[in-house]
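User: I would like to go through this model by question and answer, starting with the strands and ending with the backbone details.

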Amino acid sequence: MKQIILITGGARSGKSSYAERLALSLSPTPVYMATSRIWDEEFRQRVLRHQASRGPEWTNIEEEKQLSRHELTGRVVLIDCVTLWCTNFFFDLNAHTQQALEEVKAEFDRLTEQEATFIFVTNEIGMGETSANDVQRKFTDMQGWMNQYIAQRADRVVLMISGIAVPIKGA
């Protein structure tokens, strides 16, 4: 059964661990789709630690942008995270907000055409102060619009606050 779940919140709010527990409650062998780019050795080591901590029941896929190229029918798929996924489009398109937003929306639509359960993790980066940096403001706009796009299509939305899951939409 196709389902879209969005887990959102601030940094270190418990989004990823909640999403991992949810994925494991829905499948004994979920897919973990990581969207981050490896930009330095410290980050590479962080990725390796995260992969090792998940355990052998997970299928790990590293995919920066083209998530839909993977066959996921019938699987429970955790996408972590939308913010880094959007970052890849945004910077590849030289901070052209509208074009990046359209491309990531189109890729989201292609991905979610598959009959699978999708759990998206994202950040609410617009809940803080308005940045003095023009590029950061553009990215915050794009990220907020993408979060809205996913939330409108989601069956469930959960806001994480200090490790507590607050249902926003759906049961």
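User: In what sense do S4 and S5 pair, and which residue in S5 is the bridge partner of Asp 80?

Analyst: This is a predicted model. In it, S4 and S5 pair over five bridges, in the parallel sense. Within S5, the bridge partner of Asp 80 is Val 121.

User: Which residue in S5 is the bridge partner of Leu 6, and which residue in S6 stands opposite Leu 6?

Analyst: S1 pairs with S5 in the parallel sense over seven bridges, and five bridges join S1 to S6, also running parallel. On the S5 side, Leu 6 has Phe 120 as its bridge partner. On the S6 side, the residue opposite Leu 6 is Val 157.

User: How many residues of strand S5 are buried, and on which faces do they lie?

Analyst: In a regular strand, side chains alternate between the two faces of the sheet. In S5, one side carries Thr 117, Ile 119, Val 121 and Asn 123, the other Phe 118, Phe 120 and Thr 122, and all of these are buried. Strand S5 is therefore largely enclosed by the rest of the structure, with the count of buried residues at seven of seven.

User: How many residues of strand S6 are buried?

Analyst: Strand S6 covers residues 156–161 and is mostly covered. Buried here means under 20% relative accessible area. The number of S6 residues that are buried is five of six.

User: How do S6 and S7 run, and which residue in their hairpin takes a positive phi?

Analyst: Five bridges join S6 to strand S7 (residues 164–169), and the two run antiparallel. One of the pairs is Val 158 with its bridge partner in S7, Pro 167. The hairpin has two residues between the strands, and the residue with a positive phi, near 50°, is Ser 162.

User: Where is the cis peptide bond that involves Cys 81?

Analyst: Cys 81 lies in the loop between strand S4 (76–80) and helix H3 (82–92). The peptide bond in question has an omega of about 10°. The two residues that the cis bond joins are Asp 80 and Cys 81.

User: Is Arg 12, which has a positive phi, buried or exposed?

Analyst: Arg 12 is not a glycine, yet its phi is about 55°. The residue sits in the loop between strand S1 (3–9) and helix H1 (15–26). Exposed means over 50% relative accessible area. Arg 12 has a relative accessible area of 76%, so it counts as exposed.

User: What is the relative accessible area of Asn 94?

Analyst: Asn 94 also has a positive phi of about 55° without being a glycine. Its place is in the loop between H3 and helix H4 (97–111). Asn 94 is exposed, with a relative accessible area of 70%.

User: In what order do the elements of the protein run?

Analyst: The secondary structure comes to five helices and seven strands. Read from the N terminus on, the order is β-α-β-α-β-β-α-α-β-α-β-β.

User: What radius of gyration does the protein have, and why does it agree with a compact globule?

Analyst: The C-alpha trace spans about 45 × 40 × 35 Å along its principal axes. For 171 residues, a compact globule would have a radius of gyration near 16 Å. The value for the protein agrees with this because it is 15 Å.

User: What share of the contacts with a separation of 6 or more comes from residues 24 or more positions apart?

Analyst: Of the 171 residues, 45% count as buried. Among contacts in the protein with a separation of 6 or more, the share from residues 24 or more positions apart is 74%.

Technical notes:
Residues numbered from 1 in each chain as written. Predicted model: local features only at pLDDT ≥ 70, side-chain atom pairs only at ≥ 80, totals over all residues. Heavy atoms only, no water. Helix = DSSP H or I, 4+ residues; strand = E, 2+ residues; numbered from the N terminus. Buried < 20%, exposed > 50% of the residue type's maximum accessible area, 1.4 Å probe, protein only. Pairing = 2+ DSSP bridges. Rg over C-alpha atoms; globule rule 2.2 N^0.38 Å. Contact = heavy atoms within 4.5 Å.
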